[in-house]
Amino acid sequence: MVTSVNLSGVTLKNPLIAASGTFGFGYEMAELFDINCLGGISFKGTTRDPRFGNPTPRIAETPGGMLNAVGLQNPGIDAVIAEELPKLAACYSGAVIANIGGFSLEEYKECVAKIDAQDNVAMIEVNISCPNVHAGGTNFGSSAAGAEEVTRAVRDVTKKPLYIKLSPNVTDIAEIARACEAGGADGVSLINTLVGMRLDLKKRKPILANVTGGLSGRAIFPVAVRCVWQVYNAVSIPIIGMGGVASASDVIELMLAGASAVQVGAATLINPYACKEISEALPAEMEKYGIKDIKEIIGGAH
């Protein structure tokens, strides 16, 4: 039974990738289990400067998921390269994916150029759900023009496989994906979180200090399937699917919709062993549906 997949020339032993923001920098989870069971790890979103993140409270539970407004808390690109990557390299031999955020084109370019020079990073995943401080705070990924602009800017400074992470909080995610492909992206990752909020009934105020947050978890899985399906029909580059994935059957469903690989995010926050358990369950789930080579089912529902 073959579980390996290929993403723009990078071979993953299986299609499972730990999603950015839920797995730290990877080595923290190695204290619990052998993280080499994963095809890839997308490490914590990294920006040019260290970020403390948003004020608390920044997590709120909700039926079928959770809201987070962490605010890209990270030690900054230089510290990640100097301290975090060597720790991950010491315990993980799979594909390391650098998740990069930014608040200006210059910041994106600087971070991507620095990570491009790191031999132990196989791929780059650019989060374009960040506000552009030079354009009134609108997210780079909220328009096709903005998405293409970021893609072209970072494409110029890296030769590594470049994947752009897309937000579902747009009118037409397929249009955004086409813009990324036109800008030189090797692939796209989707979906990022949906915007939501909760209210504290006693205080009669928003629970989150940031007022709104990103909804993740089981509730958004059908949205992820729909978005992956639409984008698969719109572009010819690979898709990394994510959003509410919590089982081996979810992995197969997203791949049938068009994903070449699948990220597991919020499930890890509920159960730290989720990635391990899904990877162990995948061969039996493949056998259940008569799948001998996982690559053969990519886009198979179309």
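This report covers helix packing, salt bridges, backbone geometry and a surface patch in a predicted model.

Local features need pLDDT of at least 70 and side-chain atom pairs count only at pLDDT 80 or more, while totals for chains, interfaces and linings use all residues. Residues are numbered from 1 along each chain as its sequence is written, and side-chain values use heavy atoms, with hydrogens and water left out.

**Helix packing**

Two packed helices are described by the angle between their axes and the distance between the axes. Helices (H or I, at least four residues) and strands (E, at least two) are DSSP runs numbered from the N terminus. Axes are lines fitted to C-alpha atoms, for helices over the stretch in contact, and angles run from 0 to 180 degrees between N-to-C directions. Helix H4 (residues 173-182) packs against helix H5 (residues 221-234) at about 45°, with the axes 9 Å apart. That angle makes H4 oblique to H5; angles under 35 degrees count as roughly parallel, over 145 as roughly antiparallel, 65 to 115 as roughly perpendicular and the rest as oblique. For helix H1 (residues 77-89) and helix H2 (residues 105-116), the axes cross at roughly 25° and come within 10 Å, so H1 and H2 are roughly parallel. The crossing of H4 and H5 is right-handed, and the crossing of H1 and H2 is right-handed. A crossing is right-handed if the near helix is turned clockwise from the far one by less than a right angle, and left-handed if anticlockwise.

**Salt bridges**

A salt bridge is a side-chain nitrogen of Lys or Arg within 4 Å of a carboxyl oxygen of Asp or Glu. The whole structure has nine salt bridges. The table gives three of them.

| Asp186 | Arg155 | 2.7 Å |

Glu280 and Lys276 both lie in helix H8 (residues 274-288), four residues apart, about one turn of the helix. Elsewhere, salt bridges with shared partners join Arg48, Asp49, Asp78, Glu110 and Lys114 into one network.

Accessibility is classed as buried (under 20% relative accessible area), exposed (over 50%) or partly exposed (in between), with a 1.4 Å probe and protein chains only. Asp186 is partly exposed at 25%.

**Backbone geometry**

Most residues other than glycine have a negative phi, and most peptide bonds are trans. Thr56 and Pro57 are joined by a cis peptide bond with omega about -5°; Pro57 is in the loop between strand E4 (40-42) and strand E5 (59-62). Leu190 and Ile191 are also joined by a cis peptide bond, with omega about 15°.

Phi is positive, near 50°, at Ser8, and positive, near 55°, at Arg204. Ser8 is partly exposed at 30% relative accessible area, while Arg204 is exposed at 76%.

**Surface patch**

Met197, Leu199, Leu201 and Val211 form a nonpolar surface patch with about 400 Å² of accessible area together. Patches are made of residues with over 30% relative accessible area and no salt bridge, joining like charges within 9 Å and nonpolar side chains (Val, Leu, Ile, Met, Phe, Trp, Tyr) within 5 Å. Accessible areas come from the Shrake-Rupley method with a 1.4 Å probe; for residues, only the protein chains shown count as cover. Val211 is partly exposed at 37% relative accessibility.
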